[in-house]
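Work through the exercises below with the sequence and the model at hand. Each task is followed by a stepwise solution.

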Amino acid sequence: MTASLTRRRIRIINQICWTLALCIVAIPFVFPFLWMVSSGFKSAAEIFGSPSLVPREWQWQNFIDVFKHQPFARQYLNSLYIAVTVTALTLLVSSLAGYALARMRFAGAALVALFLVSALMVPEEVTIIPNFFMMRWAGLVDTHWPLILLPTFGPQGIMATFLMRQYFLALPKELEDAGKMDGLSRLGVWWSIALPMSRPALAAVAIITFLNSWNLFLEPLIFVSSLDKFTLPLALSNFTDPYGMPLWHLQLAATSLAVIPILVVYIIAQRQIIESFALSGVKG
Amino acid sequence: MKTTMKRMTTTVLALGMMSGSLGAAELRFTIWTGNEAHLKMLNGFAESFKAKHPDVTVKYETIPPGDYTQKLTFQLAGGNAPDAGWLMEDAAPTFAAAGVLDNLAPALNKAQGYDFADFSKPALGLWTAGDKVYGVPFSTSPFVIFYNKDLFDKAGLEDPNALAAKGQWNMAKFQEVSKKLKDATGKWGFEFKDGQGYDTRIMHALMPPIRAAGGDVWANKQCGFDKPEAVAAVKQLHDMVFKDKSIVPPGEQGDYFSGGSAMTINQISRASLMPKAGFKWGIAPLPTGAGGESPVIGQAGIVVFSAGKQKELAAEFVAHMTTKDNVAAAAQFFPPARKSVLDSDAFTKSNNLIPPEQMKVVADAISKGKVLPAHEKSPQILAAMKPRVDALWRANADVEASLKAVCTAIQPLL
Amino acid sequence: MAGALPIRDTARREDAPWLTLKMREAMEAWLFISPTLAGFLIFFVGPLIAVVWYSLTEWNLLTQQATFVGLDNYSDALFRNPDFWHVIRNSVIFAIGLVPLNMALALSLALALSGRFAGVVIFRTVFFAPVVTSAVAWAIVWKFLLQGEAGFINQMLASIGIDGPNWLREPNWAMAAVIVTRVIKMVGLNMILYIAALQAIPRDYAAAARLEGASGWQIFRWIIWPLLGPTTLVIMVITTIGSFKVFDHIYQMTGGGPENGTLVLAFYIYQQGFQFFDVGYASALAMIMFVVVMMLTIFQLVLRRRDT
């Protein structure tokens, strides 16, 4: 009896130690968020003054000033609608292409796949300069078009295509064949049979694409120069006074506003989100 | 019959062409301020411009100052050029050399009662090249020493203005006073401009002492950092930071405006921050040195972009913005480059935060001061300088060797 | 449905007898793929060719003047400009610092969190949270925490008697800071991939080994690690390529400094092209980056071939 009791005790102690260790490791993962929110409530002077997490006075004013400093609400909306558009477009384009690569036989399929793969390895910095000139020629600089088109058709979009292809390949063919026999066109099969069956992959693509677009920085930096067209990442680095010095209290308050909704959505849907990333990685 | 028809057609066509040029136009003007008071004044200029051009509206576009030049470049390169706008002094030579700025001389000379000669010659240095005028400076703001009178009183020291009146306000005194302030009050003696002397305001930190010592950062395509005067000046600063510990060192906070330092160097526009600061203060000229007095001015100008579609209209507007009256009106925020305005009583009384005697310091500096050195390759020069200057701001750095390295790095670019 | 295939291939419609089913299918496929393909050609292939062309010119972004200079930009970078090799060195140090740290941490966390116990979900959520945060936001907060004396980290260190360095103003510490903060941000991603892979390993293997008296370490070394091979390779490739692409993190935290200590290739390209307006040189750098990333990828794939 005593032997198993001790073993149990050892196991419990073991578990506590492990949990403790994990908690310690987790500190640098969690602390920045706490600090960010707490600083958002501090005045500019207090931010550097006291290292405490709890502000001396809760400066709710900061959060109002954030919106007065620049058209922050507009910028928030920009990021939002761009991300939604890119996600919708990417879902459409990548599921079409993924389906074709998975299910249709045509000359050159393998070659196309190979070419597309090569695009995955190229960083945006390599092609951004010619893309800039192209957008200029099309008169699309300082609009949101580059921020919508480049992610949809760039490496992220191609990654999405392959993700969809992998998933379609793994689907059982019978339902699709049945559909074809019932007289559905290819498009019809794709729309009414293949797509509904591939919800997990669609969710994965949607989540990854949305996050990517939401956090995009280089492209907005280069393409967008008017304040009211900024996206969130650009806006966050612009909380400066007229002389270019950062207004930390505003910057951190705004950062909190930008990050918290994402965190909330993430916590609610964390299972799906994490599964999507796992799905994309394991298959890819 | 035929001739009447012909005449009618020509008249109609002529009217059509004229009405085209009288049609509604919108000028896009980029600025880096979002300040309500500034905008009110700028919009006032736009309104008064309508008197001559009823169909023209001016739209001001604010681009944040941190990336202003960068974003402006993207606009120009991206085919989205504004018609006119503000330009920072360090970008002026680059942009002028690149040919993206329009020559304003014709429009300025055409404007009635403009009196271009009224602008002080040194102030125009960066903005003219021979006969061509690439920009009109709208803010010519000298660097002055802001001091915290309360801290000086606490340390039992005479304030810089009193010292300057006696002719004793020089770099040696500056070092002595700073140390005494630090020892007596525990607050830093001096803070570099905006606390950025080691990051984004390297030039503003190094240049005034170097000039006071009689040198310059570069002149005639020769690097001036490794010359004896410059080395001596920078060595003094280095001692103040690391030996005396009277200047705020890298990574530390010592904000003058919240009472962390007794003195700082800045432009008078910052005076607007003083009422909130809550201590007695004043402004004084820069300390003199072996080279005598050497006021330093920072500038910003208004330019018209060659890629804009309404160059003549824009140039006219610029002329309108910088007439004697409008410059006088702007003087409450932006020190003028026009001699007539500088000399006027109105100017010395215009700033309700600074007493007239101290405004004289400002006026003096503007007429005698030299602008920051600029170069068409200034972004590259600054980028090449920065790592070597970073190396010099360490406790045991060999100042002379670091400065030599700076020159080696930037000489090819000059 | 034997025999269905040949009939499908040669069946024809009455109204368009020249169109075989096979051709129809091919056309439909091309149609499905056309948006992706069009985008690929317009936004990737075209620009790639253009970059090669630009790299052979000296082109000022501001003046739009371009002159053909042949391979000058390349020889400038490789032979004449000392900054270039400094940048490469920084990029390599960054990658070498980041990849092993990231993967080791990811694997450790995954091993700890792949099982089932109270709170495992909370921990997974916590470690993954920085991944979904904007890189700019993350960098802003850390830049703030790592300030000299007044920064939170140094104040904490001071309270236990350690005099923390001025993290972001000393080149070596800045590089370390940038690497570590980036790892913290991204490790959650690799952790999840490892967890998924670990959970795919049948539990009987480990159970059987334990019955035979194998220790935890032995189980890991001889059963788990080999089975993780493919995942490890994918993670290594992705993380390495990713480390070369890092831009926003460094832009926000250090702007390439101090003393150009964190100037990595992605930032250098941006600096040369968009801050110094030297589009030709920046394009040559971009080509070099492309080649480097390609080579690294191929190298890692070859390693896999040799393993299997």
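**Exercise 1.** How many residues does the largest nonpolar core have, and which have the most contacts inside it?

Conventions: the model is predicted, so local features need pLDDT of at least 70 and side-chain atom pairs pLDDT 80 or more, while totals for chains, interfaces and linings use all residues. Residues are numbered from 1 along each chain as its sequence is written, and chains are lettered from A and ligands numbered from 1 in the order written.

Step 1. A nonpolar core is a set of buried Ala, Val, Leu, Ile, Met, Phe, Trp, Tyr and Cys residues joined through C-beta atoms within 7 Å; buried means 20 or more other C-beta atoms within 10 Å of the residue's own, placed from the backbone.

Step 2. The largest such core has 284 residues, and B:Ala84, B:Val144, B:Val318, C:Val264 and C:Leu285 have the most contacts inside it. Helix H8 (residues 171–199) of chain C gives the most to this core, with 17 residues; helices are DSSP runs (H or I, at least four residues), numbered from the N terminus.

**Exercise 2.** Which residues does H14(A) bring to H6(C)?

Step 1. Helix H14 (residues 248–268) of chain A packs against helix H6 (residues 135–145) of chain C at about 140°, with axes 10 Å apart. Axes are lines fitted to C-alpha atoms over the stretch in contact, and angles run from 0 to 180 degrees between N-to-C directions.

Step 2. From H14(A) come A:Trp248, A:Gln251, A:Thr255, A:Ala258 and A:Val259, which meet C:Ala137, C:Ile140, C:Val141 and C:Phe144.

**Exercise 3.** How many residues of chain A are in contact with chain C?

Contact means C-beta atoms, placed from the backbone, within 7 Å. On that basis, 68 residues of chain A touch 74 of chain C. Helix H1 (residues 2–40) gives the most to chain A's side, with 11 residues.

Definitions and conventions. Buried ≥ 20, exposed ≤ 12 C-beta atoms within 10 Å, placed from the backbone. Helix = DSSP H or I, 4+ residues; strand = E, 2+ residues; numbered from the N terminus. Contact = placed C-beta atoms within 7 Å.
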